[in-house]
Amino acid sequence: PISDPAGHSFGKSTRPSASASDAPDDTALLWGIDLFNHGYYWEAHEAREGLWHEAGRRGPAADFFKGLIQLAVSGVKYYERRDEGMRRHAARAAELLRSLADPVAFGLCTAELIELAESIAANGWPDPPPIVRYDGSPSPFRLADIENAGQQ
């Protein structure tokens, strides 16, 4: 979508940038949710990648973002008609999200995300396509708290 001249987002810079000092309702997080909910799974993956890096790529917040990335990649594999890859990425998303002790992270219910990922891993892509609900609930993590996580 962004690197191929035939891609719908080639040459465009429409992604909001993530900022580690933002609150949990960070624009990049919400942008990724919106992209996912509208079937733009590759772009949703890309939107969350920066958040994963900001989280230090390790630890609970990083696992949360990596789980969202894997869930989005499973959507990419669905569109590519790669059933095994879709199921494998969904299973990995469920595994990462199950490692979290908190029921809500960044306004997303982890149990709902786990249920979705496990369902995709077991049954394939749902029809109608999945929607991730953001409820704005407090998170055990704040992006500001993980700003230096990768440097420790």
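Let me start with a term. A residue is buried here if its relative accessible area is under 20%. By that cut-off, 43% of the 152 residues of this protein are buried. And a caution: this is a predicted model.

The overall layout, then. We have five helices and two strands. Along the sequence the order is α-α-α-α-β-β-α. So much for the order; now the contacts. Take those with a separation of 6 or more: 65% of them join residues 24 or more positions apart. The accessible surface comes to about 8,100 Å². Carbon and sulfur atoms hold 48% of that surface.

Now look at helix 5. The helix covers residues 110-123, 14 residues in all. From first C-alpha to last, helix 5 reaches 19 Å. That is close to the 20 Å expected at 1.5 Å a residue.

Which residues of helix 5 are buried? Thr 110, Leu 113, Ile 114, Leu 116, Ala 117 and Ile 120. Seen down the helix axis, these buried residues fall within an arc of 165°, so they line one face of helix 5. Turn to the other side. There, Glu 115, Ala 122 and Asn 123 are exposed.

What covers the buried residues of helix 5? The cover includes two helices, helix 3 (60-79) and helix 4 (83-98). Strand 1 (104-105) and strand 2 (108-109) also contribute. After helix 5 comes Gly 124. Its phi is positive, near 90°.

On to the aromatics. A search of the whole structure gives eight aromatic pairs. One of them joins Tyr 78 and Tyr 79. Their ring centres are 5.5 Å apart, and the planes meet at 50°. Stacked means planes under 30 degrees apart, and edge-to-face means over 60. At 50°, the Tyr 78 and Tyr 79 pair is therefore tilted.

How do these two tyrosines stand towards solvent? Tyr 78 has 36% relative accessibility, so Tyr 78 is partly exposed. Tyr 79 has a relative accessible area of 53% and is exposed. The exposed cut-off is over 50%.

Which residues form a cluster through ring pairs? Phe 36, Tyr 41, Tyr 78, Tyr 79 and Trp 125. So both tyrosines of our tilted pair belong to that cluster.

The charged end of Lys 66 sits over the ring of Trp 52. Its distance from the ring centre is 4.4 Å.

Definitions and conventions. Residues are numbered from 1 along each chain as its sequence is written. This is a predicted model: local features need pLDDT of at least 70, side-chain atom pairs count only at pLDDT 80 or more; totals for chains, interfaces and linings use all residues. Side-chain values use heavy atoms; hydrogens and water are left out. Helices (H or I, at least four residues) and strands (E, at least two) are DSSP runs, numbered from the N terminus. Buried means under 20% relative accessible area, exposed over 50%, partly exposed in between (1.4 Å probe, protein chains only). Contact means heavy atoms within 4.5 Å. Accessible areas come from the Shrake-Rupley method with a 1.4 Å probe; for residues, only the protein chains shown count as cover. The expected span of a helix is 1.5 Å times one less than its number of residues. The arc is that of the directions from the helix axis to the C-beta atoms. Rings of Phe, Tyr and Trp (its six-membered ring) pair if their centres lie within 6.5 Å; planes under 30 degrees apart count as stacked, over 60 as edge-to-face and the rest as tilted. A charge sits over a ring if NZ of Lys or CZ of Arg is within 6 Å of the ring centre and within 35 degrees of the ring normal.
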